[in-house]
Amino acid sequence: FDVEPSDAAAYFHTGGTTGRPKIAIQTQDNICFDCWSTGHNLRTGEEEFTVYGGLPLFHVFGAMVMFSMCVAGSGHLILAGPKGFRGDGVMTNFWKTIRHYEITVIAAVPAIYNSLLDNSSGEDCSGINYAISGAAPLPVEVMRTFEKRTGIQILEGYGCTEGTCMVAVNPPYGKRKIGSVGYPIPYVDIRILQKESQSNYIELPSNEIGAVCIKGRNVFKGYIEEEDNSGVWVNFNGENYYHTGDLGKIDNDGYLWLTGRQKELIIRGGHNIDPVSIESAFYAHPSVDLAAAVGRPDPKVGEVPVVYVQVKSGKNLNEQELFDFIQDKIFEKAAIPKAIVMIDKMPLTSIDKIFKPKLCMQEIKATCERELIGFSLKSIDVFNSKSAGFTARIKGVSLSDHEAIMASLSKYSFSFELHQ
């Protein structure tokens, strides 16, 4: 049968790390282009790739980065197993597997590189050309420690489901800038735009922070549900750009630096706080495995930062020790967390990316429980509404308590529903 470049080739779900997952339509042309551009951009010579694949192939990072490198670069993909990095014995035998299959490229997310720090000393990593990190910001301290112990250079990149994954990456054959996500892959256009009016966007000069918007043959054709397409396209100079929802800047050398995700910003009294700037301070502690900064509802300033922390296995750490440790590492007073919450297991997505919506919903539920402690209620649960975002559903509200509960919760910015 006939296949056109614009025909749908795959449906991929977005990560849902800032809200409800959506289904993105990727075309034949999207995938062919991204395989070609990514694969050839990451080649360091004529040798074949041998890529270690611990990421699931139902996610764009696994399917469109690991796999595409091998397709376009005549390489081999070594799959870790059906559970990937989460499989029994995969992490403990990681370096043995690397040596046995003569792996030349590792592709993983920041949480994996952080976990590998515990068993990476003294390993022979001479056959590995480089490692790729994506899906979430890689803490600089994790990168430097991993590279010092292994000698493996990590190339941090940037991508999204809507861009058929790879959008930018630090070059394996040129200057790498630690903390940046590198150059756009060939033939992809990245602009830093700012909304000037309801229908007009302007481009910001180098080193100014704005919305990261992309255009190219890798950019998807839209979401499968039409309502999800509202507001995702930006018209700039007569061309449609996809508004990624990420904030960033492009420096004088053309490198892209991400400064946060619009939906993840903690807004304290009108002051925008980047969660990454808080989390980086926590990752500097050798016993911290995972850290996630989210906003806690606050009646006076809207929200205040709190940090959830998972400690590395076999390590002991308490809230006060951590609080003392990060004091001189967070450089704006508003960003100092109001609380540190130690948890046994951080909620993660299928590719080990921290699932912050669950933490945000926990904070909203806890706020409701504190506010409504004197009322007789059946249940309080929080869900993600398409129209209203995170919403508290409160059941068992008597008519006599309705007005008082409304007064207690209306001082917060989150939505809520009251049911008898």
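This is a predicted model: local features need pLDDT of at least 70, side-chain atom pairs count only at pLDDT 80 or more; totals for chains, interfaces and linings use all residues.
Okay everyone, the protein chain here has nine helices and 24 strands. Residues are numbered from 1 along each chain as its sequence is written, and side-chain values use heavy atoms, with hydrogens and water left out.

Let's start with the overall picture. Along the principal axes, the C-alpha atoms of the protein chain fill a box of roughly 75 × 55 × 45 Å.

How much of the protein chain is buried? Buried residues make up 50% of the 420. Buried here means under 20% relative accessible area, exposed means over 50%, and partly exposed is in between (1.4 Å probe, protein chains only). As for contacts, meaning heavy atoms within 4.5 Å, take those with a separation of 6 or more: residues 24 or more positions apart account for 62% of them.

Now, the sheets. Strands of a sheet pair through backbone hydrogen bonds, either parallel or antiparallel. For us, two strands pair if DSSP finds at least two bridges between them. Seven strands form an open sheet with mixed pairing, and the order is E4-E3-E5-E6-E7-E8-E9. Which strands stand at the edges? They're E4 (76-79) and E9 (183-184), and each has a single partner strand, so one side of each is left without a neighbour in the sheet. The partner of E4 is E3 (residues 50-53), and the two run in the parallel sense over four bridges.

Next, look at E20. Seven of its ten residues are buried, so E20 is largely enclosed by the rest of the structure. E20 pairs with E19 in the antiparallel sense over ten bridges, and a hairpin of three residues joins E19 to E20. In that pair, Pro297 stands opposite Glu303 in E20. E20 also pairs with E21 (residues 339-342), this time in the parallel sense over four bridges. There, Tyr308 stands opposite Val341 in E21.

Of its 23 lining residues, the closest to the centre are Met91, Ser115, Asp289, Gln310 and Lys345. The elements giving two or more residues to this lining are helix H4 (110-116), strand E19 (288-298) and strand E20 (302-311). H4 gives the largest share, four residues. By class, the lining has ten nonpolar, seven polar and six charged residues.

On a 1 Å grid over the protein atoms alone, a pocket is an open set of points where a 1.4 Å probe fits, with protein on both sides within 12 Å along at least five of seven lines, and lining residues have an atom within 4 Å of a point. Nonpolar covers Ala, Val, Leu, Ile, Met, Phe, Trp, Tyr, Cys and Pro, charged covers Asp, Glu, Lys and Arg, and the others, Gly among them, are polar.

Last stop: some loops. Thr164 has a positive phi of about 55° although it isn't a glycine, and you'll find Thr164 in the loop between E7 (154-160) and E8 (165-169). Asn237 also isn't a glycine, and its phi is positive, near 55°; Asn237 lies in the loop between E14 (233-236) and E15 (239-250). Are these two buried or exposed? Thr164 is buried, at 0% relative accessibility, while Asn237 is exposed, with 68%.

Then there's Arg217, in the loop between E12 (210-215) and E13 (222-223). Arg217 is partly exposed, with a relative accessible area of 47%. Leaving aside neighbours within four places in sequence, Arg217 is in contact with Asp29, Asn30 and Phe33. Finally, Pro205 sits in the loop between E11 (201-203) and E12, and at 47% relative accessibility Pro205 counts as partly exposed.
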